[in-house]
Structures are given as structure tokens and as C-alpha cells.
Amino acid sequence: MKGVVVVGTQWGDEGKGKITDFLAEKADVVVRFQGGNNAGHTIKFDGKKFALHLIPSGIFRKDAINVLANGMVINPKAALEELEMLKQGGVNEYNLAISNRAHVVLPYHIELDGLFEELKEDSKKVGTTKKGIGPTYADKYSRIGIRMCDFIDPETFYDKLTDNLNYYNKLFKLFGKEEMNIEAIYTEYSKYAEVLSKFVTDTSILLNKAFDDDKKVLFEGAQGALLCTDHGTYPFVTSSSPTAASVPLNTGISPKYITDVIGITKAYSTRVGSGYFATEFENKVAKQIRDIGHEYGTTTGRPRRIGWIDTVVLRHTRRVSGITGLSVMLLDVLTNIETLKICVAYKLEDELIDYIPANIKDYENCEPVYIEVPGWTEDITQVAKFSDLPLNAQNYLNKISELSETPVSIFSVGPDRTQTVVLEDLM
Ligand code: IMP
């Protein structure tokens, strides 16, 4: 039995899709447990490139069961579009299971996401992906959400949709927005419900059976721990918890089934959307990293903000998410940078601290404290083992491991599946 969790250690976009896809080769079940189509995972193999937003990265493995668990918020239209995109790319045979307790993202959630952002002053805007994620989770906790089991039951869907839109239309009217048509949404979305209903099931039962049968289960986190509603840089976070700690609740399994937690980190840092980013810098080197690393959002196309690697962040994630091994991605992107900086602590009002302050004003006043290490110029994209790396690259990985107090289990030297070096067998 194996329960391996893959989580982002930073602000998302660390390359989780690639590692999940890589580990999925040996997994019997691959599970998305939080978030929705705000996530974007790019997977490349055999000269093909796929951008996944909702569907687990195990979809390319015919034998794997792919689960969208109860902690997710699912836009049915987007899910069907993604399945169609996969079909066009030749991916027809797959096993998919959608939790009957997952919540459904509907057009009014997307409208509300935009409206709430619009109503905020510029400095307070979260910079959401406008996929309706926050408002759908808000409905869940306000107990007016529409779950998959409600969505595929025509009467319940109509009833709940009517109640919710009667309420939200008043809000739209108040803020000068067009009211939404209940009948039109019902007619369009009940068609999606019909198609998706064959995938809807109790995925907690499915997952517990998988563990009972000694299967290998891979949990694929979306976003990163610093975007966690509880442990992230609140309020500039997403509306779910992308930590390993949230897996049992968000999937309906016992915590005892989690055997390993792989924290995915870039060899540097990036962030999209708003919020303080201590190690951010913008100069020729940042531009080089952005261009070589293709640092533009998969979901929104926005250029990503660039920063040096921050081991305060890595230690924070290790603590709140229980990371057992690191996977360092995009190491090749740092080739040809003379001096690399690694953040080891923060300075807050003349005091050295090694944690992320909860108060966002304190965080904004934190200055990064760096050590500098020499870079390398050798092409590392064909490296197949640690000892083949130039000494300076070995030293860089060793420093990250030492400072984050976590072993490096995997490192990646290029976008392809083959450019992944595994130092510890995980699955
Ligand atoms: P939301 O998840 O769309 O509500 O956006 C909230 C914050 O999370 C924004 O700063 C987004 O840019 C960020 N975010 C959401 N999903 C991702 C992701 O997959 N990668 C990186 N940032 C994300």
C-alpha cells in the first residue's frame, strides 16, 4: 500500500503535473483533492503537449483510475471541454470517477468572482483566475452549494439553482450587473449533468477500497501551500488548502494511509496574482528566467513574477504540510547565471526571523536575507544522475536540501518525462 501526496511548496506552478504524471506510471489511482480549473498543469511527452486544469494527470495512463474528490469544485462545462481536448489529442481510454460530494461551479460563481474583485481597491484585489473558485467554496460553507449528487438529480438541481439565483440576481441588480436567466442555465447545464452522471460516485468508498486492496494511490495537489486559505499568505490565497494535511478530509480517507509527501519546488520562485513576494526581483536575470522557463500562466497567460528560491517558505511548507522529500524543478533554467541567491531568513524591524508572519503587514515589511552561491554554465538538460551535474549545481541542490531540512528526492532538468532524475524510489 502506498499513499503518496504531491504538493506545491510555493505559490503554485512548481511543475506538479510533470511529477504526478511521472509517478502516475506506477500508481493505480490518481486523485485531485482540492481546487478546480484555476489550476493548470502542462504535461509533455512523445512530442505532444497537454494543458490540464481539472482532470488528474494520470489520465494518460490507461490502467489508472482518476478521481476528482469531494474537496474539489468542478466546472462541468470546463470538465467536458477538457475531456474533448483529450479526445482530440488521441486520449480516449481512461477511468474517471467524480465525487458525488464535490461542489459544482456554475456561471453565477464566475460572475461573482469578477464582481468581488471589481469592488475591491487595486491594492486589495487578490488577482484571482476568475474561474469562480472562491464563490463556489463560499457557497459550500454557507451550505447553499450544489454538489455533484444534486447536480445530476434534475429536480434538486432546478430547485437549488432557482433558490441561489433568486438570491444572487438581487445582488447583481444592486451592483448594476445583468441578472442571470435560471431557465437558460438549467437547460444548458442539465445536458452537462447528463453526460457527467456516469462518472459520479462515492469516491471515498472507492479510495478506501483501493487502500484495502493494497493499491498505490497518488494525490495530486493543485496550487501551492503558500496559497492555502489557512497557512498561506492570507488574504492573497486561493479558497482551498493545497497541503497534504487536507488530503484525508478532502478525499474521505484516514490520515494513516499517507506514506510520503513530495514537496514540489522550482529551483527559483514564481508567483502570479497579487500579494507580497519577498524574494521577487525584476532585471535582466529575471527576464532570462521568465523567457527560458516559459513563466507565463497556463490558465490565464499572465507573465509570472520571478524571485530567488526562499528556504523560509520551504521550511514553512515542510512544517504545515509534512514534506518528506523535495522535487526540485526547472534546474536547467538557472544555467548561465553567474551568481545564485538563496533566501535563508527574513529581517523584520532589525530582527532576524525564520518564519512567515501571519499578519500581512508584517510580511510586507520582511526583507530577505540571502546567501550567494556560484552558478554553472554547462548544459545540464541531458543529465541522468546527480553526480553528472556540474559541481556548482550539486552544491546548489545540497544547499537547498540542507536549508529546507528536507532531502531532495527528485530533480528535473527539462520539460520532458525523460529529463527527470529520481534519487529515491517513491512509488
Ligand atoms: P483563485 O484560486 O482563482 O481564487 O485565485 C486566488 C489566487 O491564487 C490568485 O493569486 C491566483 O493567481 C492564485 N492561483 C490560483 N490557482 C493557481 C495556480 O494553479 N497556480 C498559481 N497560482 C494560482
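**Around the ligand and into the core**

Modeller: Sixteen is the count to start from: of the 16 residues around the ligand, D13, N38, T129, T238 and R302 come nearest; a residue counts as near if one of its heavy atoms lies within 4 Å. Bear in mind that this is a predicted model, where local features need pLDDT of at least 70 and side-chain atom pairs count only at pLDDT 80 or more, while totals for chains, interfaces and linings use all residues. Residues are numbered from 1 along each chain as its sequence is written, and side-chain values use heavy atoms, with hydrogens and water left out.

Three of those neighbours make polar contacts, meaning pairs of N or O atoms within 3.5 Å. From the side chain of D13, an N or O atom sits 3.0 Å from a ligand nitrogen. T129 has a polar side-chain atom 2.6 Å from a ligand oxygen, and for T238 a side-chain N or O atom is 2.6 Å from an oxygen of the ligand.

Now the packing. The largest nonpolar core has 52 residues, and F219, L331, L334, Y396 and F411 touch the most other members. Such a core is a set of buried Ala, Val, Leu, Ile, Met, Phe, Trp, Tyr and Cys residues joined through side-chain atoms within 4.5 Å, and buried means under 20% relative accessible area, with a 1.4 Å probe and protein chains only. Helix 13 (residues 391–404) gives the largest share, 5 residues. Domain 1 (2–102 + 200–261) and domain 3 (265–422) each supply at least three residues, with bounds from an automatic or database domain assignment. Apart from this core lies another, of 43 residues, including A79, L80, V91 and F199.

Back to F219: leaving aside neighbours within four places in sequence, its contacts (heavy atoms within 4.5 Å) include G3, V4, V6, F33, F211, V247, T251 and I253. Strand 10 (residues 216–220) has 4 of its 5 residues buried; strands here are DSSP runs of E with at least two residues, and helices are H or I runs with at least four. Strand 10 pairs in parallel with strand 1 (residues 2–8) over 5 bridges, where pairing takes at least two DSSP bridges. Strand 2 (residues 29–32) also runs parallel to strand 10, joined by 4 bridges. F219 is the bridge partner of V5 and also of V31.

Conventions: Buried < 20%, exposed > 50% of the residue type's maximum accessible area, 1.4 Å probe, protein only. Polar contact = N/O pair within 3.5 Å; in protein donor to acceptor, adjacent residues only side chain to side chain.
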